[in-house]
Amino acid sequence: MKFLSPLTLAPIALGTFLASLVAAFLALPALSAAPIVLTGADRRPSISLDGEWGSIVDPYFSGLFSFHHQERADGWFLNQKAKPGDSFPTEYDFSQASKLKVPADWNTQRESLLYYEGPVWYERDFTYQPQVHTRVFLHVGAANYRSWFWVNGQKACEHEGGYTSFNCEITFAVHAGNNFVVAAVDNTRREDGIPTLETDWWNYGGLTRSVSLIEVPEAFIDQYDLHLSRDEKSVIEDWVHVEGGQPGASVEIKIPQLGAKTTAMVSENGRAVIHISVNHLERWSPETPRLYKVRISAGQDALDDLIGFRTVETRGTEILLNGKPIFLRGISIHAEAPYRTGRANTDKDAETLLGWAKELGCNFVRLAHYPHDESMLRAADRMGLLVWSENPVYWALQFDNPKVLAKAEQQLDEEIGTSRNHAAIILWSMANETPSTEARTRFIETLASRARSLDSSRLITAALLVRSEGDTKIVDDSLGQALDVIGVNEYIGWYEKNPEVADRTQWRIDYQKPLIVSEFGGDAKAGLHGGDKDRWTEEYQANIYRHQLGMLNRIAPLRGMSPWILMDFRSPRRPLAGIQDEFNRKGLISDQGQKKQAFAILQKAYKDKTVGRSE
Ligand code: GCB
């Protein structure tokens, strides 16, 4: 993310139209060292900017670019109001423009925007009272895909990546009284984007997650990582980073329910190393999703998080949760809102989706194909569902483009930085179904080692493609070397042959590592019935599940599965009229909540534990 250094802009007089113009001219921001990640942002007091925003659909991006495509100094971010006698026409007016709700995608809010891909402007007024010795950030839960933010006409930041939160510092731009924020959000798919041009989900655009203002003191807790040590029994470790913290300043951690407390010192790099011995800790697990209140304080700053403590590691082909082998009875989930469609983003959406996963007998969910929102992760922590968290490195990116790698690294940093304290997350997935090329392998190996250096307490995975020789499926993608857990997607019985072929399929896996079948399945329209051989019927889909379950039990290192998918989701790749109607219908549940026959089949296998070993 690019953002303006407050120092660069401090001398510019605030508030006046002229100042805004100057600022806009100077606007090409100095790149600052590292973007601020606010871990536990949802646990801080904030001023919500959710609600109705003025909006202008701008397919030619005329609000930002002149007729010769130069960046305008008088763009719509100035939020001008025409005055009598003006010597120029003002061709936009946010106060009269139609409204869009935030948080929400624009596609499902306005019929004319269902297929829209391009820029949309948003504007909202807010009153504010700056406090001394306080920094203020515009916290954006997610804006798909690129976004630009201005406050009172001054550029605050630009961001790329549609599924992670980010923070724009606006301390330099706000003043007492009435203020306004203008955002431009552009969901145009890009060849050099992550994801890239091709996906199999709807390209929901807009401010799809909440927007708020977060105030912090000059020195503040920006990131922390607190987890149970794998090496030392009953020790919670790792660090708290204090942005602007002086070396020698102290950080305090308290876990009242454990009677635990420690003080640590901030070192030169802003981090305080944490090491707390705890007694009688109840470890977080799907059966006992125990969360503890953890109070973190540093100088003037403090916040309470709710954290569960558990370990996860591998031993040979086992996955060990709290030292014990576990089988991951999972399901894949898109962030598609149940019943109403569109981007899921509320606690209720999360509880409905994860409630269905629990009803299915799951202890695990694969949150595909991008980082899901904080509500989902909090709900997984509370409900006891282990999570595979995934970045949008999906299909064929420009793996040989260093700029694309930099974007993937930035998105990974944001994903891990914001969600590293969720006990539910056990796996960081680096990619889904990427082509096996050297450039791809190098690219994803770089991401995997970055993920490990950011967080060594979790496991690294990716969903790989498999190849076939006759009736044998071979897992030998060289990317497997960089992974702790191998994920594989296969569609026997749907894209490939018929469901019965699973009965004679053998598997050759060239890695001595745990394996998760991260996708299998087939489409069925809820309520459409026929015989086992009639595609698109519930019976056909159920038959795929029956045969797949038998086959999966013959894969020796199988330690988990997350069939594709819990609920039908919108996808423009799926136009078959009367059946798909632009929904991927591989859900066990329709987008309107109707359970298909395959739901009961998987549920029975999970509840009776007839699939999977090592538990
Ligand atoms: C896949 C992809 C997933 C698709 C699914 C399908 O292999 O990973 O994103 O939606 O297949 O339905 O074809």
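Visitor: Which residues in helix 5 meet which residues in helix 6?

Guide: In this predicted model, where local features need pLDDT of at least 70, side-chain atom pairs count only at pLDDT 80 or more and totals for chains, interfaces and linings use all residues, contact means heavy atoms within 4.5 Å. Residues are numbered from 1 along each chain as its sequence is written, and side-chain values use heavy atoms, with hydrogens and water left out. Helices are DSSP runs of H or I with at least four residues, strands are runs of E with at least two, and both are numbered from the N terminus. Here Val404, Leu405, Ala408, Glu409, Leu412, Asp413 and Ile416 of helix 5 meet Phe443, Thr446, Leu447, Arg450, Ala451 and Leu454 of helix 6.

Visitor: Where does Lys596 lie, and is Lys596 buried or exposed?

Guide: Buried means under 20% relative accessible area, exposed means over 50%, and partly exposed lies in between, using a 1.4 Å probe and protein chains only. Lys596 sits in the loop between strand 34 (583-584) and helix 8 (597-607), and it counts as buried because its relative accessibility is 3%. Leaving out residues up to four places away in sequence, Lys596 touches several residues, including Glu538, Asp568 and Arg585.

Visitor: What does Phe443 touch, leaving aside its neighbours within four places in sequence?

Guide: With those neighbours left aside, Phe443 is in contact with Val393, Leu397, Gln398, Phe399, Val404, Leu405 and Ala408.

Visitor: How far apart are the C-alpha atoms of Lys596 and Ala556?

Guide: These two residues are 40 residues apart along the chain, and their C-alpha atoms are separated by 29 Å.
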